[in-house]
Amino acid sequence: MSTQYYDIIIIGGGIVGSTIARELSRYDVRVAVLDKAAELPSGASRANSGMVHAGYDDKPGTVKAHFCPKGNEMYRNLYEELDFTLNKVGSYVCALAENEIPHLNLLLEQGRKNGVPSLEIISGDELRSREPNASKDIIAALWAPTGCIINNFEAVLAFMDNAQQNGVELFLETEVSDVLLSQDKRQVVGVNTNKGLFLSPIVINAAGVHSDEIAKKVGDESFVIHPRRGDYFITDKYVGNLVKSFFFPCPSEAGKGITVAPTADHNLLMGPTSIFQLDRDKTATTRDGLEQVIEGARRLIPSIPMNMAITTFAGLRADPDTGDFVINILKRPHGFVNVAGIKSPGFTSAPAIAQHIVERMKDELKDLVDFKPDKNFVPERKHIPRFAYLSMEERSALAKKDPRYAQIVCRCESVTEGQVVEAIRRGAKTVAAVKIWTRAGAGRCQGGFCGPRVIEILSRELNIPMEEVTRHGGHSRMLVGKTKEYWFREGM
Amino acid sequence: MSDIIVDVAVIGAGPAGIAAGVGAKEAGAEKVAIFERDWDLGGILQQCIHPGFGLHAFGEELTGPEYVHRWISKAREAGVEFWTNSMVFHMEENGSFWIMNPSLGIKKVVAKSLVLAMGCRERPLGALGIPGTRPAGIYTAGTAQRLVNMEGYMPGNRVVILGSGDVGLIMARRMIWEGAEVLGVYEIMPWPGGLRRNIAQCLDDYGIPFYLEETVIEVHGKDRLEGVTVAKVDKNRNPIVGTEKFLGCDTLLLAVGLIPENELSRMANVEINPVTQGPIVNELLQTTKPNIFAAGNVVIVYDLVDWVSMEGERAGRNAALFAAGKFKPGEKKIKVSGGDNVRLYSPQWLSGQSDATIYMRVTQPIEKSCKVVVEPGLYEKRLRYARPGEMNEAHVKLQDLQALGDVDEIVVDIKEV
């Protein structure tokens with residue numbers, strides 16, 4: 001197996017890893033991002049509510065309260081530069097009983113202290129005049145106009161894509177088995193993986209739900225991650241307009257509660273539950289979990305028609321036992337950086353955390369790497385054209401330039417072959433990756449129509465047999481062989 | 001960029017659409033064009049290589065491709081224009097629409113009248129809310145049928161089939177023919193979703209177990225499907241604790257229902273019936289937009305393709321009359337209602353313009369002598385049984401309807417004698 005040399009290695013390509021990668025790509029340093037999944041984002045950055053929180057949830061003075069409103073502000077500017085979908089729709093926290101009103105006041109107070117702008121408590125009637133489908137039982141709501149809905153897939157891809165354009169290298173299906181230390185254990189020297197050695201004087205631990213396991217490998221046992229599962233439902237776009245903004249119930253110990261929101265692509269999202277589990281990789285929904293989601297969602301929006309559900313999924317939050325984000329640069333071993341336990345509002349905070357940690361690295365780790373600004377850094381990037389959202393003129397122009405943009409692959413989401421091919425060119429190697437990049441298969445038929453076509457295009461573009469195309473890497477092959485083969489098997 | 005201008009435009013070159021093209025030409029329309037998103041004609045029938053088609057339309061048993069090729073030949077002889085690789089992706093309220101085609105790019109089509117014939121699609125797993133993981137190896141039966149019959153690939157080796165819709169039953173047999181193991185067909189309802197003849201020919205003849213009132217309650221496996229948990233269900237279709245059973249399998253095929261595909265109809269603002277999920281039509285297959293007609297599985301999911309073709313032809317003829325300005329708009333608006341045991345039916349209203357055929361499906365099976373009736377006294381026919389998997393029909397004669405004078409509602413029902 002090969003050995004490769006870098007200045008900085010980032011373990012994990014979720015929102016934390018990708019925002020840090022992009023921040024580091026401003027400098028003339030060699031960066032590698034390693035992720036064990038076959039496509040980005042995986043883990044919690046893939047399966048979440050797609051919410052950019054306003055920043056009123058966290059107690060003033062905590063690390064979370066510091067980064068969340070900053071991250072919110074950054075996204076509101078970055079989405080244009082990096083071309084990901086962000087809908088500035090605002091959010092409501094709903095009080096369903098008199099005794100929840102003090103809680104709204106508390107959130108309002110916290111939010112003001114945290115620097116969240118334009119917070120306001122409105123009456124239930126005012127809420128219903130804006131959102132006619134909101135439950136009659138809601139008596140008041142905290143309105144946070146800076147809450148946004150984000151396409152979390154596009155956001156992670158955008159940061160990473162831009163980082164790659166600026167020289168960062170991404171290694172997928174690359175699982176870190178060990179973090180390597182110098183003989184005296186004072187200095188990080190790299191990582192060992194299933195794809196060989198990656199040597200570097202700086203290793204950043206952005207391994208999400210596995211980040212405590214990675215930290216343990218260098219002797220850091222200062223925190224433990226408890227995976228906390230969240231189950232979700234997604235509905236057909238036909239009912240995506242039941243609500244315009246993000247709806248939260250009053251938060252409890254267990255978390256922010258079961259929410260209802262339109263996704264960035266106008267489906268309706270319901271969830272998540274909050275269920276502790278031991279397994280760090282099993283993202284299976286449960287009957288109980290899904291029932292909780294329906295019940296919780298209908299408390300806020302009673303008219304949600306469950307026959308409009310198109311899929312369910314579950315994600316695992318990386319919940320640290322410290323109760324707050326774990327962001328530090330270890331003294332020993334030198335060169336090891338934790339950006340761990342970035343649980344909600346982690347997605348929101350990530351860009352601000354990335355900026356912060358890179359600033360600190362420039363100072364505290366300057367003996368290891370020379371952080372010389374890269375004069376050729378390009379901050380902008382474009383996503384693959386979103387055919388579904390283009391004007392007729394733009395579609396025509398695209399189709400004229402490349403006829404593959406006039407060949408539909410996914411009819412539910414209006415995804416063309418041109419988009420699928422471009423996704424593959426940018427690194428998509430699995431059916432799930434194509435879906436994440438383009439939304440092919442994310443619609444109401446869930447890949448029934450485009451599935452075989454996507455397999456075919458992946459096979460053709462990657463120059464691999466159809467049978468080797470996987471859903472999400474590993475052993476997830478879509479097809480097991482050719483027809484008629486059975487009758488020629490040995491012994492038949 | 002010049003628009004494509006036609007008299008009658010048909011969307012979809014499946015059995016309904018092709019027959020609509022034939023019908024439109026028969027009725028004298030000059031320029032009739034069918035727009036099809038696939039590179040080939042025939043729609044889903046291309047992949048239906050089993051026999052069983054055409055007993056009513058041609059009086060003989062044909063395979064899907066054979067059946068549809070007879071109609072394609074008819075259409076070609078009649079001078080119908082076919083546009084393949086031409087996906088209709090946007091429709092305006094007036095019925096003008098946009099196609100995309102790799103060699104032509106994006107074009108607008110303007111037609112005097114149109115026939116919606118987009119067919120239906122399969123319900124996915126996610127719609128069922130079955131908990132568990134989402135590994136590779138879960139396919140709708142129709143997707144698996146395409147992979148096996150058209151692409152020549154096997155989706156898996158050890159198969160469980162959820163739901164007993166016809167495509168699922170046919171795929172059970174097909175997978176056996178290709179050497180796969182089929183562990184069983186699981187149907188949550190107390191009766192089969194598909195035709196009895198398919199239960200006999202596809203399951204019984206091959207010894208494939210068929211379980212009623214049992215369903216999949218959990219999906220297992222991280223990468224590839226590793227198994228499913230099945231369980232018996234009670235009267236409310238909730239799993240019965242203690243009846244759970246794990247089945248090791250690498251493939252789950254779904255035959256849990258078909259949904260008319262009405263994205264374009266909705267764009268045109270055609271009114272959709274929430275029960276059939278298809279456009280509301282009258283006996284002339286005219287939707288709530290006068291220039292837009294609809295036929296086949298886009299209106300209501302049929303059991304046999306023969307009826308789809310007949311309806312398509314009728315819709316095409318009426319669309320042609322409309323295009324020529326010879327279509328007489330219905331003066332009356334008689335509502336058709338369904339009786340207690342009628343789950344869905346079409347048309348939902350009559351314009352009092354011609355004889356009418358009303359198609360319907362029952363909610364509960366009746367396994368003894370029963371009758372289809374249209375009240376008041378418009379039609380009665382004895383049946384030996386009525387089953388949800390099969391379509392029943394009733395015929396209403398225009399003269400009988402007229403003889404009734406001023407009625408504004410008629411009722412179709414299937415009940416025990």
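**Close-up views of a predicted model**

In chain A, 72% of the contacts with a separation of 6 or more are between residues 24 or more positions apart, two residues being in contact if their C-beta atoms, placed from the backbone, lie within 7 Å. This is a predicted model, in which local features need pLDDT of at least 70 and side-chain atom pairs count only at pLDDT 80 or more, while totals for chains, interfaces and linings use all residues. Residues are numbered from 1 along each chain as its sequence is written, and chains are lettered from A and ligands numbered from 1 in the order in which they are written.

**View 1. Chain A as a whole.** Let us start with 13 helices and 25 strands in chain A; helices (H or I, at least four residues) and strands (E, at least two) are DSSP runs, numbered from the N terminus. The radius of gyration of chain A, taken over C-alpha atoms, is 23 Å, close to the 23 Å given for 492 residues by the globule rule, so chain A is as compact as a globular protein of that length. That rule is 2.2 Å times the number of residues to the power 0.38. Along the principal axes, the C-alpha atoms fill a box of roughly 65 × 60 × 50 Å.

**View 2. Two domains of chain A.** Domain 1 (86-149 + 226-314) and domain 2 (387-468) come from the domain assignment of chain A, which is automatic or from a database. Their centres, taken over C-alpha atoms, are 32 Å apart.

**View 3. An annotated span of chain A.** The unreviewed UniProt entry places "domain: BFD-like [2Fe-2S]-binding" at residues 408-459 of chain A; positions follow the numbering used here, feature names are shortened, and annotations may be inferred rather than shown by experiment. This span is 50% helix and 10% strand, and its end C-alpha atoms lie 18 Å apart.

**View 4. Two cis peptide bonds in chain A.** Most peptide bonds are trans. Here, Leu40(A) and Pro41(A) are joined by a cis bond with omega about -15 degrees, and Pro41(A) sits in the loop between strand 3 (31-34) and helix 2 (43-46). Ser344(A) to Pro345(A) is also cis, with omega near 5 degrees; Pro345(A) lies in the loop between strand 22 (336-340) and helix 9 (346-364).

**View 5. A positive phi at Ser118(A).** Ser118(A), not a glycine, has a positive phi of about 60 degrees. Look for Ser118(A) in the loop between helix 4 (101-114) and strand 7 (120-123) of chain A.
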